[in-house]
There are 2 protein chains.
Amino acid sequence: MRYLPLAALLLVSNALADEGMWTFNGFPSDKVQARYGFSPSKEWLDKVRLSSARMAEGCSASFVSPNGLVMFNHHCAHSCIEQLSTAKKDFVASGFLAKTEKDEVKCPALEIDQLTDLSEVTDRVSQATAGLSGPPYEEARKKVFAQMENECAGGNDKVRCEVVSLYHGGKYDLYRYRRYQDVRLVFAPEFAIAFFGGDPDNFMFPRYDLDVSFVRVYEDGKPARTDSYFQWSPAGVKEGDLTFVSGNPGGTSRNWTVAELEYERDVTLPERLIVLAQWRGLLTEFQERGPEQKRISTAMLFYVENSYKALRGRFEALVDKPFFAGKVAAEQELRAKIEANAALRARYGGAWDAIARAKAEQRDLRKPLGYVGFGAAFSSDLFRAAQTLVRAAEERTKDNGVRLEEYSDARLPQMKAHLLSRAPVYRDFEILKLTFSLTKLREELGADDPFVHKVLGKKSPKELATELVRGTKLGTDPAGLALRKSLWEKGRAAVDASSDPMIAFARLVDPDARAIRKHFEDDVESVLKKNEELVARARFEIYGTSTYPDATFTPRLSYGSVQGYRENGHEVKPITTLGGAFARATGRDPFQLPDSWIKAQPRLDPSTPFNFCSTNDIIGGNSGSPVIDKEARIVGLVFDGNIQSLGGDYGFDESVNRAVSVHSAAILEALDKIYRAERLVRELRPAPATGAGAR
Amino acid sequence: MRYLPLAALLLVSNALADEGMWTFNGFPSDKVQARYGFSPSKEWLDKVRLSSARMAEGCSASFVSPNGLVMFNHHCAHSCIEQLSTAKKDFVASGFLAKTEKDEVKCPALEIDQLTDLSEVTDRVSQATAGLSGPPYEEARKKVFAQMENECAGGNDKVRCEVVSLYHGGKYDLYRYRRYQDVRLVFAPEFAIAFFGGDPDNFMFPRYDLDVSFVRVYEDGKPARTDSYFQWSPAGVKEGDLTFVSGNPGGTSRNWTVAELEYERDVTLPERLIVLAQWRGLLTEFQERGPEQKRISTAMLFYVENSYKALRGRFEALVDKPFFAGKVAAEQELRAKIEANAALRARYGGAWDAIARAKAEQRDLRKPLGYVGFGAAFSSDLFRAAQTLVRAAEERTKDNGVRLEEYSDARLPQMKAHLLSRAPVYRDFEILKLTFSLTKLREELGADDPFVHKVLGKKSPKELATELVRGTKLGTDPAGLALRKSLWEKGRAAVDASSDPMIAFARLVDPDARAIRKHFEDDVESVLKKNEELVARARFEIYGTSTYPDATFTPRLSYGSVQGYRENGHEVKPITTLGGAFARATGRDPFQLPDSWIKAQPRLDPSTPFNFCSTNDIIGGNSGSPVIDKEARIVGLVFDGNIQSLGGDYGFDESVNRAVSVHSAAILEALDKIYRAERLVRELRPAPATGAGAR
């Protein structure tokens, strides 16, 4: 599943073929024309951009009607569906359908953003940071970012403005989004078909998943008017058809130096995989405690297994010797060209070694940085609420430009919405999570570490976790939410005076967390940013600027076509059918079709295309992206990449790297014949005059 | 904890300083003389060897009285103690003390071996394998091994003969052991003090663990006469004293090629760490189900956490850039010297590349090899019993020299003892383990793999595991043991005719398991053995033979002295005291002292030395090794290495690599004043005339 905090075997990146996650203001229409005979115009690009959306939490989405209807993946809505469920009514298991507008229910914490404007601001950033390095460079950068974001948003909470660093600082753009915070669930199928095949089939093809859900954005209590939206193509695509994917790829590392890739291979990925594997074991067994435990932990287990499999694929790419050797050779070539020119050498020659030194320092810092600085030791929604209150109370007294970046004005509305969300909190599960993460803290920093002593004292991790979780009043029951709201509004004095144990704990750990983070930002991150920017510019000097920037969870457009591939000596066909799902079903989880499907089988056309794969270059964060044709009509919905695409973080191989999508015909067929979702079908299906009307 | 399947930062190995795990017939007495002024004689070495022992399952041990009393670690006896416990009486928690001989209880499956004779057989192996390579080489090797082992044991089950490959085939020795299979538990302290500090303190120093237990070997129902044994030194060692460690280091990889080390770094270690981490999460949460679940899974959780920490230390060594660069430089130097001489080049020059090619092939095979060939997919004691019956029925019809090596005559008695052991089997836990491992099989080979289809059909892993575990009659209740015995004795026809579901399952998977294993042995293992032998000989040609062979879980002697070290800029003292344990105790697991200690505190001398560290070169498998002085008296008991020693698999750094032992004075003090083990104290304490009698 290709959603953010995750990512996408491949050869050395060369920006040929269908490779590339292009910005809307840098799209290579000429390349598409040369290969596919169609050249997207400025108007076409604007319409596609305005009809696309982003879920702030890490998915892509699209507007599919003029009345605020938004389509994305079931797995992007999973947390919302779980939060709306109770022990008595589990919408994850049973699915959800709002028969009427009144039945549409607000998701506790979901934000949809639409990119309305964008402009390049590289010069302003360069001027502000000219001649600086280290902490002063970083401070100046943050300050000018905050200034531009504030000017852009003008204090309007419905607007979200972000400066985006492209090409690792080679170019800066200012993006202005329309922010929707009232998002209501319209439709979700059963988890069993949304994620048919489960973890075993995840990142695999052929595939048979109805990984779709619909929500609607509201404004002032009414469905929002959305003039820009995609029309539906009931017939969808066939093999060989040109496809575009408009979405928000979360992050790639294709321009990283060898030192950065080695760090990823030797440190980051193994350590993350190990922690995820331990979480996985813990959660799998927690689910065995009973049905309620299973219900409340399924979304997290899904996230953990999905992340694990995605990172495992990335790791496999980096330990592939020819692949890594290619990366080393490419860097050597670039460095040799820079070294051969005295002016270039003087400007850029030292960047690679500076990055290597910073990564060595990061290695020494990584454990306190991760566990304390970034809070991996405190895995608890209740802690997160307490920390938000403690930090917001302090940060909001500061100028926007000197705050911790997640407390900048652009991000505060989303943070507040999270804090005041009524998403349920399960205390036993909170204790489990916090016990685990505090135990990891003690394990990784050592029982004799001063910070560990300060936090645990003579208590065991479980004892402390139990005390904090049981003792805090910061739940999401009405009284808890009222307390959160009151502390948010009253600010620093009230937060400082609070005797709530979780608030006290968040106050206790905050100075250490801030100190290690500042150490990292000053001594490592600023060096990396500065020198990555130099490497990016060195690359421009040698290879020109006609390439795409690494992904940054901002709107991008990729092009490609519906194509199979070869695997272990046999041909993988690019399109599956509804009939194939029935053939694959064993009746046992995760290969068990829902009852609704079994009952509807006689009514279904088994030859209906179900899932398909295409050569579009995507990565985690692209989940939920619309797949569109030349007429900008919806022909599919991206929900995954194949296993071969998992090294896509570091490069792209068109021969095997595939995006995996739900076909538009299957979505309509299922809504119509399985779920009897007449209202939704009417809203999606084109008027009879233009509709293919085949089914 | 340094026991086998586990292992021991270090710079490139140079056989200087106190480095080395020396064979008894290759011990460098001259080096000890030069550094410490004491030269162990042949008689001294023989006495030490004969007073030492090995626990066949993976620990070292020593004879400490003429009446068969054997000392090793609590963690080596942990499985036995758990097997003797019940829901009502948990000896792991409460400890165990046999007041009289009659109270000594037989461990269900424990074998103690004493090395009585050894001789070199290199010539005979070389003659038998001359001119051969690939499968014929491997077959000839196995055949001559089996011949020599059979001749040596002469059909006597009390004798265990093994050909040992030293220097990766540079030298072969034939070892003859006296085998003891009636082993009875005499004393074990509470787990809380045996493993005080738990996982957080594991592989750490300073340390405060009474990781000791005593068992007694019996012969014909009576305590065995053991003429060779170590005297006790009540005063033990002080800082700077010369120490010897006699034990069975399980395995090192100091002579591996760079291709082998890369495979270890990029494939083996990450994958093992990931699986162990998932097991760890699963078991941690399983323990939360209730006290009985905690009791039956503690030994396995301990094993998993210990293995995880040990392998994590090895991984850290391999991803340390200067360390790895040293290994690369050493190999380049050796290869350059071989290349510089035409004769040497012709004989040895191709070995490194041959090993690299074999490792590449191993990479492709590793998943079916591990999960199917070596049975990682079938984690169940009941499956293991069924497999033993199915395979033994087939293998015992074959000549010793052509059997699967674990079914050779030398190993059958231990295998039979395991099969017929009354160690309890917990069916719910068996289902948990088998479900996990079958799920990993499906995950790693893929849901569409033909073997996965054959095994699971339409069933889920849990469904299959439940059916097999609930359905089999092969338990360790009396009826189950009778069935095992009958099938073992009746052999192939009876096993083939059995309708027991676990036997049927073992029959189902056996052909695939054998096929992949044979593929590996023929195409990879034989190439590795042959070429590792060439590399070993190439090293002899260039550097001579005055070095020690990589560890092989056979008797070795290391020398060193009681020394502290520097860590993060401060001095670590080499000896802790009983008083220190009381200071470190928090009253919370794993820093909770047992009640017996709290009660005895007023009677204890807090200055009694408790644990100490020394420069002896050890590795996993050395757990339980006696630490002795010049007079061959017990001064300590090895139970661990420090965290810096964990890269010891690949090299040794005397400045920080330390063995960690329980001091002989602490053992006596605890037995006397805490446990009131008068009978044991009398047996251990030297006669007043010779005893120091200080305490």
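In the predicted model, the buried residues of α6(A) are covered by elements that include α5 (122–129), β8 (159–166), β9 (171–180) and α21 (501–543) of chain A. Helix α6 itself spans residues 134–153 of chain A. Its 20 residues reach 29 Å from first C-alpha to last, close to the 28 Å expected at 1.5 Å a residue. The buried set comprises Y137(A), E138(A), R141(A), K142(A), V144(A), F145(A), A146(A), M148(A), E149(A), C152(A) and A153(A). Charged side chains are part of this set, among them E138(A), R141(A), K142(A) and E149(A). Just after α6(A), G154(A) adopts a positive phi of about 55°.

Helix α18 of chain B covers residues 461–471. Four of its residues, P461(B), A465(B), L468(B) and V469(B), are buried. They lie on the same side of α18(B), because the arc they cover around the axis is only 90°. The packing partners of these buried residues are α14 (381–395), α16, α17 (450–456) and α21 (501–543) of chain B.

A strand position was examined next. V215(B) belongs to β10 of chain B, which runs over residues 213–219. V215(B) has 29 C-beta neighbours inside 10 Å and therefore counts as buried, the cut-off being 20 or more. Neighbours within four places in sequence aside, V215(B) is in contact with V70(B), A77(B), C107(B), V183(B), R184(B), L185(B) and V186(B). A423(B) is 208 residues from V215(B) in sequence. In space, the two C-alpha atoms are 17 Å apart.

The interface between the chains was then considered. It brings 29 residues of chain B into contact with 29 residues of chain A. On the chain B side, α8 (198–201), α9 (258–287) and α16 (427–445) each supply at least two residues. The largest share, 14 residues, comes from α9(B). By class, the chain B side divides into eleven nonpolar, six polar and twelve charged residues.

Terms used:
Residues numbered from 1 in each chain as written. Chains lettered and ligands numbered in written order. Predicted model: local features only at pLDDT ≥ 70, side-chain atom pairs only at ≥ 80, totals over all residues. Contact = placed C-beta atoms within 7 Å. Buried ≥ 20, exposed ≤ 12 C-beta atoms within 10 Å, placed from the backbone. Arc of directions from axis to C-beta. Expected span 1.5 Å × (residues − 1).
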